[in-house]
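This report covers the fold of one chain and the contact between two chains. The structure comes first, then the text.

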Amino acid sequence: MSDKRGYITVRCLSPCTEGNFEIVVLDADDQTVFQGKTARDGTATFHVCSSGEHRIRVRAKDWLSPMAATKWLFFYPNRFYTVYFLFNFFLLKPGSTMATFRLTDQNYGGLPIQKGDIQLCRVPM
Amino acid sequence: MPSPYVVNIIDGEGSSRILNGSYAVTADVGGYDNASINPDSQVISAGTDTYDFMVAATGTLTLHVTEEGDPGGTAIVGATFVRCDSGNTAYGDPIVSVAGGNAEFPFVPFAASGAPTIYYRQTLSVGDHEFDASLKSLTMTTSTETVEVANPLAALRTINLTDANYNGLPIETGDLTFTAN
């Protein structure tokens, strides 16, 4: 068994100075072998034990283009890899809507909820 | 403001300027089952300015109706209540007390702290029983709570009927009918 430990470095390049990207790495059997986030500089380094073909999915948390990207990598455990992803601002920034949200009680039709929060997290279309 | 957007809801409504797109929706509402938010995903698009969501609670409020307002009192069957908001507007189906005098509001909010106020009022009783129709309120800290409600028998009243032209002359026999307004 080799004493060398291979690893993958993902570098996400973007105009954002504080970019933060979500990473998922899947092996050939669609099993997740790594899940995490980049540091604020857009870089993440991690070990992967399994060899063979892997898919590296990266999702931008801010409004960047593309919103998500995938690269395929044939991985040997005793080697080092650096994979680059390039993001940019949308050429056409998505429009915004001044929206009103109404929250009522499901079992008492129309009864307004007195106070609370609704949180909306963007997901890829 | 970038995603995630947090929209503060007061009296059932909140507003925010949000970029068009697809969103996963979660709720943080005291006293309610936040996992019940419906819908849990929403597409925000130009031309649609209002979005409706619902949440559900899992508590039960029992109103125990007796003539005396005591746990061991004489049960009243048929007393009717309705849930309201703080402005006395009614919502949902009325509930009616059954054998044993219990009427139950299902799916009401509760929490050890931070639960919203529950408003309700009585709209009917039965027979010769009086009731208080004013708006009542409470906050539930446990999933089931019971409130004792008194619907006492109406007081015995004496009605006098005399001749309008012969002061004090009692009418020998007859009936008076009183219809509630």
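Read along its sequence, chain B runs β-β-β-β-β-β-β-β-β-β-β-β-β, that is, zero helices and 13 strands. Helices (H or I, at least four residues) and strands (E, at least two) are DSSP runs, numbered from the N terminus. The model is predicted: local features need pLDDT of at least 70, side-chain atom pairs count only at pLDDT 80 or more, and totals for chains, interfaces and linings use all residues. Residues are numbered from 1 along each chain as its sequence is written, while chains are lettered from A and ligands numbered from 1 in the order in which they are written.

Of the 181 residues of chain B, 29% are buried (20 or more other C-beta atoms within 10 Å of the residue's own, with C-beta atoms placed from the backbone). Contacts require C-beta atoms, placed from the backbone, within 7 Å. Among those in chain B between residues at least 6 apart in sequence, 53% join residues at least 24 apart.

The contact between the chains draws on both as follows.

| Chain | Residues in the contact |
|---|---|
| Chain A | 33 residues |
| Chain B | 50 residues |

On the side of chain A that touches chain B, β10 (96–105) and β11 (115–123) of chain A each supply at least two residues. β10(A) gives the most, with ten residues. This side of chain A divides into 15 nonpolar, twelve polar and six charged residues.

β11(A) also pairs with strand β3 (residues 21–28) of chain B, antiparallel, over seven bridges; pairing requires at least two DSSP bridges between two strands. V123(A) stands opposite S22(B) in β3(B).

Key:
Contact = placed C-beta atoms within 7 Å. Nonpolar A, V, L, I, M, F, W, Y, C, P; charged D, E, K, R; others polar. Buried ≥ 20, exposed ≤ 12 C-beta atoms within 10 Å, placed from the backbone.
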